[in-house]
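Q: Could you walk me through this one? I'd like to go over the bonds, the core and the charged pairs.

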Amino acid sequence: QVQPVESGGGLVQAGGSLRLSCEASGRTFSRYTMGWFRQAPGKEREFVGHIMWNDGTAYYVDAVKGRFTISRDNAKNTVYLQMNSLKPEDTAVYYCAAKALSGTEYIYWGQGTQVTVSS
């Protein structure tokens with residue numbers, strides 16, 4: 001079992017940056033893909049991107065490509081979401097989640113961290 005715990009959210013002005021962290025406790029992380037999701041008020045949760053823990057391959061949705069970067073630190077069992085050039089529409093609760101490399105669904109979820117971007 002993997003238990004992700006997010007941190008690093010806060011309030012930032014448009015154009016600013018934030019880095020979210022997701023520390024994962026539990027088992028063999030190289031067998032997992034770590035994803036970032038977000039949910040804005042009144043909207044459904046949406047996928048932001050993911051990183052494969054074994055080789056560091058990352059993927060991003062178009063809305064954040066070129067602005068957000070996902071990385072990992074194996075020694076710290078931590079995944080990061082670096083967010084640059086933030087926009088008010090990036091305001092949301094951000095979640096970290098884990099799924100097995102062979103899995104199709106994210107089954108381990110963090111509690112979320114609030115990111116608010118002011119205009």
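Q: How many disulfides does the structure hold?
A: This is a predicted model, and the structure holds 1 disulfide. The bond joins Cys-22 to Cys-96, with an S to S distance of 2.1 Å.

Q: Where do Cys-22 and Cys-96 sit in the chain?
A: Cys-22 belongs to strand S3 (residues 18–26) and Cys-96 to strand S9 (residues 92–100), so the pair, 74 residues apart, links distant parts of the chain.

Q: Are they buried or exposed?
A: Both Cys-22 and Cys-96 are buried.

Q: And what about the handedness of that disulfide?
A: The torsion about the S-S bond of Cys-22 and Cys-96 is about -75°, and the disulfide is therefore left-handed.

Q: Switching to the core, which residues of the largest nonpolar core touch the most other members?
A: That core has 29 residues, and the ones touching the most other members are Met-34, Trp-36, Phe-68, Val-79, Leu-81, Met-83 and Tyr-94. At least two core residues come from each of S3, strand S4 (32–39), S5, strand S7 (68–73), strand S8 (78–83), S9 and strand S11 (113–118).

Q: What does Tyr-94 touch?
A: Leaving out residues up to four places away in sequence, Tyr-94 touches a set of residues including Leu-20, Phe-37, Arg-38, Val-48, Phe-68, Leu-81, Met-83 and Val-115.

Q: What about Arg-67 and Asp-90?
A: Their side chains meet in a salt bridge at 2.8 Å, N to O. Arg-67 is in the loop between strand S6 (58–60) and S7, and Asp-90 is in the loop between S8 and S9, 23 residues away. Arg-67 is buried at 12% relative accessibility, and Asp-90 is buried at 1%.

Q: Which residues are linked in a network of salt bridges?
A: The network links Arg-38, Glu-46, Arg-67 and Asp-90.

Terms used: Residues are numbered from 1 along each chain as its sequence is written. This is a predicted model: local features need pLDDT of at least 70, side-chain atom pairs count only at pLDDT 80 or more; totals for chains, interfaces and linings use all residues. Side-chain values use heavy atoms; hydrogens and water are left out. A disulfide is a pair of cysteine sulfur atoms within 2.5 Å. Helices (H or I, at least four residues) and strands (E, at least two) are DSSP runs, numbered from the N terminus. Buried means under 20% relative accessible area, exposed over 50%, partly exposed in between (1.4 Å probe, protein chains only). A nonpolar core is a set of buried Ala, Val, Leu, Ile, Met, Phe, Trp, Tyr and Cys residues joined through side-chain atoms within 4.5 Å. Contact means heavy atoms within 4.5 Å. A salt bridge is a side-chain nitrogen of Lys or Arg within 4 Å of a carboxyl oxygen of Asp or Glu.
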